[in-house]
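Reader: I have a structure open and would like to go through it. Can you take my questions one by one?

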Amino acid sequence: MRIWAISNQKGGVGKTTTTVALGSLLAQSGQRTLLVDMDPHASLSGYIGVEGGAHGSVYDLFGVGGNPLPVRTLVHGTKWDRLSVLPASAAMITLDRQLGTRPGMGLVLTQALAELAPDFDHVLFDCPPTLGVLMVNALAASDRLLVPTQTEALALAGLERMLRSLSMIERSRGKPMPRTIVPTLYDARTHASRACLAQLREQYGDAVSQVVIPTDTQIREASAAGVPLASWPAARRGGLAYRQLLDELLALPSASVTDAAA
(Lines give C-alpha, C1' and ligand atoms only; values in the text may rest on other atoms or scores of the structure.)
Protein backbone atom coordinates (compact mmCIF):
# COMPACT_ATOMS: atom_id res chain seq x y z
CA MET A 1 0.00 0.00 0.00
CA ARG A 2 1.42 3.37 -1.06
CA ILE A 3 0.62 6.28 1.25
CA TRP A 4 1.10 9.88 0.11
CA ALA A 5 0.59 13.05 2.13
CA ILE A 6 -0.37 16.15 0.14
CA SER A 7 0.59 19.14 2.26
CA ASN A 8 1.78 22.73 2.25
CA GLN A 9 1.70 25.35 4.98
CA LYS A 10 -0.06 27.79 2.68
CA GLY A 11 -3.63 27.69 1.52
CA GLY A 12 -4.85 28.04 -2.04
CA VAL A 13 -2.02 26.09 -3.69
CA GLY A 14 -4.10 23.15 -4.93
CA LYS A 15 -3.78 20.54 -2.15
CA THR A 16 -7.36 19.30 -2.31
CA THR A 17 -7.49 19.48 -6.11
CA THR A 18 -4.27 17.47 -6.32
CA THR A 19 -5.51 14.88 -3.83
CA VAL A 20 -8.81 14.33 -5.61
CA ALA A 21 -7.26 14.41 -9.08
CA LEU A 22 -4.58 11.84 -8.31
CA GLY A 23 -6.96 9.70 -6.26
CA SER A 24 -9.61 9.59 -8.97
CA LEU A 25 -7.02 8.73 -11.63
CA LEU A 26 -5.70 5.90 -9.48
CA ALA A 27 -9.22 4.57 -8.96
CA GLN A 28 -9.99 4.87 -12.67
CA SER A 29 -6.90 2.79 -13.41
CA GLY A 30 -8.18 -0.02 -11.20
CA GLN A 31 -6.43 0.83 -7.92
CA ARG A 32 -8.42 0.68 -4.67
CA THR A 33 -7.91 4.20 -3.39
CA LEU A 34 -8.71 5.89 -0.08
CA LEU A 35 -8.76 9.66 0.31
CA VAL A 36 -8.33 10.84 3.92
CA ASP A 37 -9.48 14.38 4.70
CA MET A 38 -7.20 15.67 7.47
CA ASP A 39 -8.34 19.30 7.26
CA PRO A 40 -11.08 20.48 9.66
CA HIS A 41 -12.40 22.72 6.88
CA ALA A 42 -13.40 19.46 5.14
CA SER A 43 -12.93 20.76 1.60
CA LEU A 44 -12.19 17.30 0.25
CA SER A 45 -15.19 15.77 2.03
CA GLY A 46 -17.44 18.44 0.53
CA TYR A 47 -15.90 17.94 -2.90
CA ILE A 48 -16.54 14.18 -2.81
CA GLY A 49 -19.95 14.59 -1.17
CA VAL A 50 -19.41 12.73 2.11
CA GLU A 51 -19.92 14.97 5.13
CA GLY A 52 -18.02 13.92 8.25
CA GLY A 53 -20.60 15.23 10.71
CA ALA A 54 -23.18 12.74 9.50
CA HIS A 55 -20.91 9.78 8.88
CA GLY A 56 -18.19 10.05 11.55
CA SER A 57 -14.76 11.40 10.74
CA VAL A 58 -11.03 11.26 11.35
CA TYR A 59 -11.84 12.89 14.70
CA ASP A 60 -13.43 9.64 15.93
CA LEU A 61 -10.15 7.73 15.54
CA PHE A 62 -8.57 9.68 18.41
CA GLY A 63 -10.94 8.55 21.16
CA VAL A 64 -11.48 11.99 22.65
CA GLY A 65 -13.82 11.54 25.59
CA GLY A 66 -14.27 7.82 24.95
CA ASN A 67 -13.05 4.88 22.91
CA PRO A 68 -11.95 5.41 19.31
CA LEU A 69 -14.28 4.09 16.64
CA PRO A 70 -13.06 1.27 14.37
CA VAL A 71 -11.55 2.79 11.25
CA ARG A 72 -13.58 0.59 8.88
CA THR A 73 -16.81 2.12 10.20
CA LEU A 74 -15.57 5.58 9.18
CA VAL A 75 -14.58 4.75 5.60
CA HIS A 76 -17.28 5.40 3.01
CA GLY A 77 -17.60 4.56 -0.64
CA THR A 78 -18.33 7.19 -3.25
CA LYS A 79 -20.25 7.23 -6.50
CA TRP A 80 -16.96 6.45 -8.27
CA ASP A 81 -15.77 2.85 -8.38
CA ARG A 82 -12.79 1.95 -6.17
CA LEU A 83 -12.67 5.47 -4.66
CA SER A 84 -13.40 5.73 -0.91
CA VAL A 85 -13.12 8.56 1.59
CA LEU A 86 -12.47 8.93 5.30
CA PRO A 87 -14.08 12.33 5.88
CA ALA A 88 -13.20 15.29 8.09
CA SER A 89 -15.35 17.28 10.49
CA ALA A 90 -15.14 20.66 12.20
CA ALA A 91 -14.51 18.93 15.56
CA MET A 92 -11.00 18.04 14.37
CA ILE A 93 -9.90 21.63 14.96
CA THR A 94 -10.12 20.95 18.72
CA LEU A 95 -7.79 17.94 18.73
CA ASP A 96 -4.58 19.81 19.59
CA ARG A 97 -6.23 21.44 22.58
CA GLN A 98 -8.03 18.32 23.78
CA LEU A 99 -5.17 15.89 23.39
CA GLY A 100 -2.50 18.13 24.89
CA THR A 101 0.68 16.09 25.35
CA ARG A 102 -1.03 12.70 25.57
CA PRO A 103 1.56 10.12 24.40
CA GLY A 104 1.07 8.06 21.25
CA MET A 105 -1.23 10.51 19.48
CA GLY A 106 1.18 10.99 16.57
CA LEU A 107 0.71 7.39 15.41
CA VAL A 108 -3.07 7.09 15.44
CA LEU A 109 -3.35 7.14 11.65
CA THR A 110 -0.39 4.79 11.20
CA GLN A 111 -2.13 2.21 13.38
CA ALA A 112 -5.50 2.72 11.67
CA LEU A 113 -4.04 2.29 8.20
CA ALA A 114 -2.35 -0.94 9.23
CA GLU A 115 -5.87 -2.35 9.66
CA LEU A 116 -6.84 -1.15 6.19
CA ALA A 117 -3.75 -2.46 4.39
CA PRO A 118 -5.61 -5.47 2.88
CA ASP A 119 -8.37 -3.19 1.56
CA PHE A 120 -6.52 -0.47 -0.36
CA ASP A 121 -3.66 -0.07 -2.81
CA HIS A 122 -3.21 3.69 -2.31
CA VAL A 123 -3.99 6.17 0.47
CA LEU A 124 -3.81 9.94 -0.05
CA PHE A 125 -3.94 12.43 2.83
CA ASP A 126 -5.26 15.93 2.20
CA CYS A 127 -3.49 17.78 5.02
CA PRO A 128 -4.33 21.00 6.88
CA PRO A 129 -2.02 24.00 6.40
CA THR A 130 -0.96 24.12 10.07
CA LEU A 131 1.53 21.97 11.94
CA GLY A 132 -0.30 20.06 14.67
CA VAL A 133 -1.43 16.57 15.59
CA LEU A 134 -3.29 16.10 12.29
CA MET A 135 -0.36 16.97 10.03
CA VAL A 136 2.03 15.03 12.26
CA ASN A 137 -0.18 11.95 11.95
CA ALA A 138 -0.37 12.21 8.18
CA LEU A 139 3.38 12.67 7.73
CA ALA A 140 4.20 9.90 10.21
CA ALA A 141 1.98 7.47 8.29
CA SER A 142 3.18 8.36 4.79
CA ASP A 143 5.96 7.10 2.59
CA ARG A 144 6.04 10.19 0.34
CA LEU A 145 5.20 13.87 0.73
CA LEU A 146 3.76 15.84 -2.18
CA VAL A 147 3.98 19.62 -1.79
CA PRO A 148 1.76 21.49 -4.28
CA THR A 149 3.32 24.93 -4.66
CA GLN A 150 1.72 27.77 -6.56
CA THR A 151 4.17 29.32 -9.00
CA GLU A 152 4.28 32.75 -7.44
CA ALA A 153 6.81 34.35 -5.09
CA LEU A 154 4.56 34.41 -2.01
CA ALA A 155 4.01 30.64 -2.21
CA LEU A 156 7.71 29.92 -1.72
CA ALA A 157 7.50 30.99 1.93
CA GLY A 158 4.84 28.35 2.59
CA LEU A 159 7.02 25.76 0.90
CA GLU A 160 9.98 26.65 3.11
CA ARG A 161 7.82 26.38 6.24
CA MET A 162 6.55 23.01 5.08
CA LEU A 163 10.05 21.67 4.54
CA ARG A 164 11.16 22.92 7.97
CA SER A 165 8.21 21.09 9.52
CA LEU A 166 9.16 17.99 7.55
CA SER A 167 12.68 18.15 8.99
CA MET A 168 11.22 17.95 12.50
CA ILE A 169 9.06 14.97 11.55
CA GLU A 170 12.03 13.24 9.95
CA ARG A 171 14.03 13.55 13.17
CA SER A 172 11.15 11.91 15.02
CA ARG A 173 10.79 9.17 12.37
CA GLY A 174 14.52 8.55 12.39
CA LYS A 175 14.65 8.42 8.60
CA PRO A 176 14.15 10.80 5.68
CA MET A 177 10.87 11.08 3.82
CA PRO A 178 10.97 11.33 0.03
CA ARG A 179 9.30 14.49 -1.16
CA THR A 180 8.07 15.84 -4.48
CA ILE A 181 7.38 19.53 -4.98
CA VAL A 182 4.57 19.96 -7.52
CA PRO A 183 4.40 23.38 -9.24
CA THR A 184 0.74 24.34 -9.60
CA LEU A 185 -1.35 27.15 -11.13
CA TYR A 186 1.39 27.70 -13.68
CA ASP A 187 0.77 30.30 -16.38
CA ALA A 188 3.58 30.28 -18.93
CA ARG A 189 2.38 33.63 -20.29
CA THR A 190 3.46 35.47 -17.14
CA HIS A 191 6.99 36.36 -16.14
CA ALA A 192 6.11 35.71 -12.47
CA SER A 193 5.19 32.07 -13.11
CA ARG A 194 8.23 31.42 -15.29
CA ALA A 195 10.59 33.06 -12.79
CA CYS A 196 9.10 31.16 -9.85
CA LEU A 197 9.36 27.83 -11.66
CA ALA A 198 12.99 28.55 -12.55
CA GLN A 199 13.71 29.40 -8.91
CA LEU A 200 12.07 26.20 -7.70
CA ARG A 201 14.15 24.09 -10.07
CA GLU A 202 17.36 25.91 -9.20
CA GLN A 203 16.80 25.72 -5.44
CA TYR A 204 15.29 22.23 -5.09
CA GLY A 205 16.56 20.40 -8.17
CA ASP A 206 15.27 16.86 -8.65
CA ALA A 207 12.79 17.25 -5.77
CA VAL A 208 10.62 19.31 -8.16
CA SER A 209 8.38 17.27 -10.44
CA GLN A 210 9.08 17.43 -14.14
CA VAL A 211 5.34 17.87 -14.70
CA VAL A 212 3.84 21.30 -14.03
CA ILE A 213 0.12 21.73 -13.33
CA PRO A 214 -1.19 24.60 -15.48
CA THR A 215 -3.85 27.13 -14.70
CA ASP A 216 -7.04 25.63 -16.14
CA THR A 217 -10.44 27.13 -15.42
CA GLN A 218 -12.00 23.71 -15.99
CA ILE A 219 -10.26 22.42 -12.86
CA ARG A 220 -12.34 24.94 -10.91
CA GLU A 221 -15.46 23.97 -12.84
CA ALA A 222 -14.94 20.30 -11.97
CA SER A 223 -14.45 21.19 -8.30
CA ALA A 224 -17.60 23.34 -8.27
CA ALA A 225 -19.55 20.44 -9.78
CA GLY A 226 -18.09 17.97 -7.26
CA VAL A 227 -16.63 15.82 -10.02
CA PRO A 228 -13.03 14.50 -10.00
CA LEU A 229 -10.89 15.42 -12.99
CA ALA A 230 -10.82 11.80 -14.13
CA SER A 231 -14.57 12.15 -14.79
CA TRP A 232 -14.48 15.71 -16.21
CA PRO A 233 -13.35 15.50 -19.86
CA ALA A 234 -13.51 19.28 -20.35
CA ALA A 235 -10.42 19.73 -18.14
CA ARG A 236 -8.13 18.54 -20.92
CA ARG A 237 -5.02 20.53 -20.02
CA GLY A 238 -5.29 20.02 -16.28
CA GLY A 239 -6.39 16.41 -16.60
CA LEU A 240 -3.48 15.54 -18.89
CA ALA A 241 -1.02 17.23 -16.54
CA TYR A 242 -2.28 15.25 -13.56
CA ARG A 243 -2.13 12.00 -15.55
CA GLN A 244 1.49 12.75 -16.43
CA LEU A 245 2.24 13.67 -12.81
CA LEU A 246 0.76 10.39 -11.59
CA ASP A 247 2.88 8.45 -14.09
CA GLU A 248 5.96 10.29 -12.83
CA LEU A 249 5.13 9.57 -9.18
CA LEU A 250 4.39 5.89 -9.77
CA ALA A 251 7.75 5.49 -11.49
CA LEU A 252 9.58 6.68 -8.36
CA PRO A 253 10.90 4.08 -5.89
CA SER A 254 8.58 3.63 -2.95
CA ALA A 255 8.76 1.52 0.20
CA SER A 256 5.40 1.75 1.92
CA VAL A 257 5.17 2.28 5.65
CA THR A 258 2.97 -0.79 6.10
CA ASP A 259 5.33 -2.97 4.05
CA ALA A 260 8.29 -1.74 6.07
CA ALA A 261 6.48 -2.52 9.31
CA ALA A 262 5.73 -6.03 8.11
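Reader: Among contacts between residues at least 6 apart in sequence, what percentage join residues at least 24 apart?
Author: That share is 78% in this chain, where contact means heavy atoms within 4.5 Å. This is a predicted model, in which local features need pLDDT of at least 70 and side-chain atom pairs count only at pLDDT 80 or more, while totals for chains, interfaces and linings use all residues. Residues are numbered from 1 along each chain as its sequence is written, and side-chain values use heavy atoms, with hydrogens and water left out.

Reader: OK. How many helices and strands does the chain have?
Author: Eleven helices and seven strands. These are DSSP runs numbered from the N terminus: helices are H or I with at least four residues, strands are E with at least two.

Reader: And what is the radius of gyration?
Author: It is 17 Å, close to the 18 Å that the globule rule gives for 262 residues, so the chain is as compact as a globular protein of that length. The radius is taken over C-alpha atoms, and the rule is 2.2 Å times the number of residues to the power 0.38.

Reader: Now the sheet. What is the strand order?
Author: The order is β3-β4-β2-β5-β1-β6-β7, in an open sheet with mixed pairing. Two strands pair if DSSP finds at least two bridges between them.

Reader: Which strands stand at the edges?
Author: β3 (76–77) and β7 do; each has a single partner strand, so one side of each is left without a neighbour in the sheet.

Reader: How does β3 run relative to β4?
Author: They are antiparallel, joined by two bridges. His76 has Val85 in β4 as its bridge partner.

Reader: Where is Ala42, and is Ala42 buried or exposed?
Author: Ala42 sits in the loop between β2 (33–37) and α2 (43–48). Ala42 is buried, at 13% relative accessible area; buried means under 20%, exposed over 50%, and partly exposed in between, with a 1.4 Å probe and protein chains only.

Reader: What about Leu185?
Author: Leu185 also has a positive phi, near 50°. Leu185 is in the loop between β7 (179–184) and α8 (191–204), and is partly exposed at 34%.

Reader: Last one: what does Gly30 contact beyond its neighbours within four places in sequence?
Author: Gly30 is in contact with Arg82 and Asp121.
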